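Please look over the complex shown below. A short report on its folds and contacts follows.

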Amino acid sequence: MAKVLVKGNEAIAQAAINAGCQCYFGYPITPQSEIGEYMGAHLPELGRTFITAESELASINMVIGAGTTGTKAMTSSSSCGIALMQEAISAMCCAEVPGVIVSVMRGGPGLGNIAPAQGDYFQALKGGGNGDYKTVVLSPSTVQEAIDLTYRAFHLALKYRNPVMLLADGILGQMMEPAEFGEYPYDDPDVSTWALDGANNRPARNIVSLHMPEGAMEALTNRIFEKYEKIAQEETTFEGYKLEDAKLVLTAFGTVGRIAKAAVNKAREKGMKVGLFRPVTLFPFPEKQLQETAKNTDMILDLELNKGQMLLDVRSAVFGACPVEFFGRTAGGLLTPDMIMKKIEELYSKLGTKTEAGVN
Amino acid sequence: MNIKDMSIIISGFGGQGALFAGILLCHAAVVEGKHTTWFPAYGAEMRGGAVNCAVNISDDEIPSPVIDEADAVIALNDASQAKFEHKVKKGGFMIINSSLSHIPTTRKDINYIRIPFNDLAQKLTQPAFVNVMALGALIEKTGILKIESIIEVMKDMSKKVSAKKAALLPNNIESLHFGVSVMKNQPAAV
Amino acid sequence: METLVYKRPESLLKDGHFTFCPGCGHGVILRIIAELIDEYNLQKDTIAISSVGCSIFLEKFFNLDVAGASHGRSPCVATGIKRCKPDKFVFTYQGDGDAATIGFNETIHTACRGEHITTIMINNTNFGMTGGQASSTTLVGQVTTTTPKGRKAELTGYPLHAAEIVAKCEGTAYSARVAITTSKNIRQAKEAIRKAFETQIKGLGYGFVEVLAACPTNWHLTPVESIERIDDIIEKVHPLGVFKDVTALEKA
């Protein structure tokens with residue numbers, strides 16, 4: 001298949017269609033409205049379902065309905081819209097309902113602005129919904145990866161009966177670059193063992209998130225956390241770039257990951273041993289891999305379009321193995337390769353002088 | 001000019017087709033098997049204000065779609081000139097639509113090419129397209145892509161749009177060629 | 001010769017038993033629903049959507065597939081299910097705190113979209129499960145735990161009339177309000193729910209039945225007094241009636 005020039009949002013939508021997404025439920029919000037527009041233009045003619053819901057509350061709960069039947073379904077939104085979905089995401093994790101949520105981050109907090117940002121790492125990873133739960137979160141940095149991870153999102157959602165979020169930002173949503181769609185590469189599991197389709201020659205089933213008997217909720221949560229452990233064992237992915245001899249390792253996710261890569265190239269041209277560690281799965285976070293990387297480098301510089309959110313996971317993984325610095329901008333301020341380069345030069349000059357290398 | 005690798009900012013006011021010119025460039029880059037990225041300033045700015053996009057074209061993978069400094073800037077109006085003059089790389093150039101920009105230039109370390117696109121457009125079959133003329137000028141100046149690639153993209157696009165829009169294909173091609181010839185006849189940059 | 005006059009519906013679990021307060025209306029309505037599902041032989045093709053409130057424990061009573069929904073979102077979950085499984089029978093079972101208060105936006109939009117689902121809304125004019133707070137359907141003057149001196153219109157406005165508003169939506173095929181205070185109106189309630197089921201089965205649009213039901217515990221009345229309250233007071237504010245019936249229009 002040839003490469004085509006495609007906008008990030010539209011690539012995600014087409015990839016979802018290729019992945020067999022039967023239903024899209026959404027509510028417009030910049031900078032991701034093209035996803036809904038694309039779905040509205042294409043799903044009905046494929047005989048699939050497209051609904052502009054009355055709110056994000058409604059759209060995510062429609063995804064739940066579809067998910068309880070074992071059908072591939074998706075919603076998409078941005079920051080404040082995703083905020084409205086948190087109750088349902090918690091319920092999906094509890095009731096083990098599959099579904100795909102695309103979050104194209106904009107500036108916040110509040111209504112914020114519509115510029116690209118990464119301020120919703122906590123929202124995606126640390127909840128906003130109630131209780132002990134984890135959403136699988138995938139973080140694309142290129143349009144190609146947005147396609148590949150959309151495929152993976154649908155697969156993981158069904159495989160683990162859990163919501164999966166594709167966490168993108170306004171840059172990736174709005175930018176165009178050449179990418180190849182290919183075919184949906186996964187064999188999906190049989191859903192007939194659990195999906196709701198009427199109690200025909202089998203006992204009635206239920207998919208609910210209220211478990212009142214004493215001990216029931218704790219037992220359920222323990223079982224689901226065993227599942228999360230399995231996800232961590234089997235699904236963790238990251239990109240390492242020029243890490244082998246790196247004295248300074250940049251950590252960044254999503255679009256900032258690729259901007260940081262440009263900075264790594266610039267630094268290498270100047271003879272500085274700089275590498276990049278880019279988590280692709282944010283849950284599961286590549287904790288052990290980052291810990292190993294930290295043991296073999298002098299310093300980590302975490303880069304984000306927020307005030308330091310993934311930073312907490314980076315510090316937790318590094319666990320004192322090397323100092324961790326942070327550089328970020330927020331609410332629409334962009335990081336550019338030159339800005340990162342300046343920070344690299346500032347930090348690189350301090351490396352090797354042990355007195356400066358405090359922990360964190 | 002290193003034609004393996006180029007970053008371009010195209011800017012104008014809403015309706016001048018700055019974003020579309022960038023999309024044409026990217027499609028043509030794909031035709032030639034090159035890597036490319038297009039990143040627009042989007043949202044509120046799309047309504048009447050300054051509209052711009054950043055385009056990268058390269059033989060190699062392009063890590064950052066975000067541009068610190070561009071090899072070339074096309075400024076289709078005065079606001080764009082003012083906004084992006086400082087974003088031109090040292091030794092780079094800025095194509096200014098002098099029909100709509102009369103403000104003074106401020107840098108000595110870049111080249112300015114002033115072309116009165118709107119005035120020249122009057123000579124062409126109407127409607128003529130200032131954004132496409134500027135694209136022709138850019139390609140003639142840099143050789144980053146082949147003019148035939150742009151025409152191929154235009155022809156391909158005209159098959160996918162309404163008959164009314166498709167009928168404008170000859171006008172687009174005329175504008176493109178005219179942009180090329182204007183640049184050819186341009187005196188050495190000052 | 002013996003005649004079978006009572007049989008437990010197949011759609012109710014054999015070992016399930018209602019856990020509602022004495023005099024509560026839920027049990028009667030759940031039984032009516034189970035009887036109708038049996039009558040239409042839909043047990044193998046039904047997915048019920050529970051909601052939040054006393055309406056939540058459907059899986060403990062029904063021998064049916066059940067999906068749980070968050071507060072007010074049952075019509076959305078039902079929409080998702082029905083769009084994926086259009087040949088299945090899908091209904092939501094909600095209270096007034098759910099369908100007419102936190103989820104009324106969802107109720108209205110589901111009606112406007114004309115989803116081929118059915119909603120049975122139990123209206124006991126308060127939030128029963130949480131202890132009897134005022135809901136959107138609470139009568140002016142009604143004493144609840146949040147209106148200890150009675151609901152005052154000048155402070156909290158007027159009761160919401162769900163069945164009438166749903167009837168105004170173009171996608172609604174059937175909307176009615178019924179009561180279950182007498183043998184006669186229990187039969188009428190069953191016929192109304194039957195109609196709402198049939199509009200779904202025939203693909204005519206959204207079906208909505210609001211059932212006035214007693215909540216003796218929170219009303220602080222005996223079951224008999226509660227029934228009298230419905231007949232004498234509540235029906236004057238929330239009148240019984242069929243507010244929309246596209247099948248009647250067809251016949252006419």
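Which residue is the bridge partner of Ile207(A) in E2(C)? The partner is Ala67(C). The model is predicted.

## Strand pairing between the chains

Ile207(A) belongs to strand E10 of chain A, residues 206–207. Two bridges join E10(A) to E2(C). The two strands run parallel.

## The contact between chains C and A

In chain C, 31 residues are in contact with 34 residues of chain A. Four elements of chain C give two or more residues to this side: strand E1 (46–50), strand E2 (65–68), helix H3 (74–84) and helix H5 (104–113). H3(C) provides the largest share, eight residues.

The residues on the side of chain C that touches chain A are 12 nonpolar, 10 polar and nine charged.

## Chain C as a whole

Chain C holds 11 helices and seven strands. Its radius of gyration is 17 Å, close to the 18 Å that the globule rule gives for 252 residues, so chain C is as compact as a globular protein of that length. The C-alpha trace of chain C spans about 50 × 50 × 40 Å along its principal axes.

Of the 252 residues in chain C, 58% are buried. Among the contacts in chain C with a separation of 6 or more, 68% link residues 24 or more positions apart.

## An open sheet in chain A

Chain A has an open sheet of five strands, in the order E11-E13-E12-E15-E16. The pairing is mixed. Strand E11 (238–241) and strand E16 (324–328) of chain A are the edges, each pairing on one side only. From one strand to the next, the twist averages 20 degrees.

E11(A) and strand E13 of chain A (residues 274–279) run antiparallel, joined by four bridges. Here Glu239(A) stands opposite Arg278(A).

## Helices across the sheet

Helix H12 of chain A (residues 310–318) lies across strand E12 (248–251), strand E15 (299–304) and E16 of chain A. H12(A) runs at about 160 degrees to E15(A). Helix H13 of chain A (residues 337–348) lies across E12, E13, E15 and E16 of chain A. H13(A) also runs at about 160 degrees to E15(A).

## Helix H2 of chain A

Which residues of helix H2 (residues 33–42) of chain A are buried? They are Glu34(A), Ile35(A), Gly36(A), Tyr38(A) and Met39(A). Their cover includes helix H1 (8–18) of chain A. Strands of chain A also take part, among them E1 (4–7), E2 (23–26), E3 (49–52), E4 (73–77) and E5 (99–107).

Methods:
Residues numbered from 1 in each chain as written. Chains lettered and ligands numbered in written order. Predicted model: local features only at pLDDT ≥ 70, side-chain atom pairs only at ≥ 80, totals over all residues. Rg over C-alpha atoms; globule rule 2.2 N^0.38 Å. Buried ≥ 20, exposed ≤ 12 C-beta atoms within 10 Å, placed from the backbone. Contact = placed C-beta atoms within 7 Å. Pairing = 2+ DSSP bridges. Axes fitted to C-alpha atoms, helices over the stretch in contact; angles between N-to-C directions. Nonpolar A, V, L, I, M, F, W, Y, C, P; charged D, E, K, R; others polar.
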